[in-house]
Amino acid sequence: MFLATNAGPFELREVSLAADGLPSLRVLHISDVHFAPGQRNKAAFLRELAQTSPDLVVNTGDNLGHKRSINPLLDAIEPLLGFPGVFVNGSNDYFAPKLKNPARYLLGPSKQDSEPSTLDTERMTREFEGAGWQNLNNRSASIRLGDAEVSFAGLDDPHIGRDEPATLEKKSAQIGVVHAPYLKSLKALTTTGAELLFAGHTHGGQLCLPGGKALVTNCDLPTAQASGLSEYGGAKLHVSAGMGCSIYAPLRLFCPPSATLVSVN
Ligand SMILES: [Fe+2]
């Protein structure tokens, strides 16, 4: 049985895919860090990920997980900020978690609290942008990676209704990024022309059956696509199983926390 808490152990997964319109790229996909003070193993793993020397870091959100997590998070993620990167936010980048019945996770998509943000979202955004990472929350951007210009479109988190798909231009992007892979958001991203989509949020199911079979995705994505590579609407979809979980549901079953190195072409 594989049982992990927020303390790890952590895995670096590696997958490869072909995408006609994209140059060769090594993409480090991180997601759902849900950082809380004292998570030394997670911090060490995050820092070690810089040794993969990716061409691009894609961060699909839920970095924060505690009202005092901003400083240790920024410290742990600092080596990765030295690489080109893009990011979108997840609900846990806006709202600190609250104590809930952990079984609620298995009963359907979680509801988000509507209280004002208790997290330093602004500072996280400022530091990511200051390091050169492109903010893709309801935005498009392009980045020069080697000899190629790569274009992106992204959405803020649809799990809490912050997505604004009308802001996305049609046929404007090669890569689409969103935190929660709701089908409507994946569809909106494919209208930009994106042939590669990145998302997180599912925690790979978080509480899985032996073999890693997910029971829930915490959204309307089919459980068969809860983590790893699959396809949506003619695009390749990579859903990260994520590196953490809420401090109030600190258990992952048959689904170790992970980051993924995605080799394109
Ligand atoms: Fe998450």
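1. Ground rules. This is a predicted model, in which local features need pLDDT of at least 70 and side-chain atom pairs count only at pLDDT 80 or more, while totals for chains, interfaces and linings use all residues. Residues are numbered from 1 along each chain as its sequence is written, and side-chain values use heavy atoms, with hydrogens and water left out.

2. The chain overall. The secondary structure comes to 4 helices and 14 strands; these are DSSP runs, helices being H or I of at least four residues and strands E of at least two, numbered from the N terminus. Of the 265 residues, 57% count as buried (under 20% relative accessible area; exposed is over 50%, partly exposed in between, with a 1.4 Å probe and protein chains only). Taking contacts (heavy atoms within 4.5 Å) between residues at least 6 apart in sequence, 70% join residues at least 24 apart.

3. Helices α1 and α2. The axes of α1 (residues 40-48) and α2 (residues 70-77) come within 8 Å and cross at roughly 35°. Those axes are lines fitted to C-alpha atoms over the stretch in contact, with angles running from 0 to 180 degrees between N-to-C directions. On the α1 side the meeting residues are A43, L46 and R47, and on the α2 side D75, A76 and I77. This contact divides into 4 nonpolar, no polar and 2 charged residues (nonpolar: Ala, Val, Leu, Ile, Met, Phe, Trp, Tyr, Cys and Pro; charged: Asp, Glu, Lys and Arg; polar: the others, Gly among them).

4. The buried face of α2. I70, L73, L74, A76 and I77 are the buried residues of α2. Seen down the helix axis, they fall within an arc of 165°, so they line one face of α2; the arc is that of the directions from the axis to the C-beta atoms. Their packing partners are β3 (25-30), α1, β4 (56-59) and α3 (121-130).

5. After α3 comes G132, whose phi is positive, near 105°.

6. Aromatic rings. How many aromatic pairs are there? The count is 3, where rings of Phe, Tyr and Trp (its six-membered ring) pair if their centres lie within 6.5 Å, and planes under 30 degrees apart are stacked, over 60 edge-to-face and the rest tilted. F10 and F45 have ring centres 5.2 Å apart and planes at 20°, so they are stacked. F10 lies in the loop between β1 (3-4) and β2 (11-17) and F45 in α1, so the pair ties together parts 35 residues apart in sequence. Both F10 and F45 are buried. F128 and W133 form a tilted pair, 5.0 Å centre to centre with 50° between the planes, and both are buried. F87, F128 and W133 make up one aromatic cluster.

7. A charge over a ring. R162 lies over the face of Y94, at 3.7 Å from the ring centre. The rule asks for NZ of Lys or CZ of Arg within 6 Å of the ring centre and within 35 degrees of the ring normal.

8. G161. This glycine is in the loop between β8 (148-154) and β9 (175-177). Is G161 buried or exposed? At 56% relative accessibility, G161 counts as exposed.
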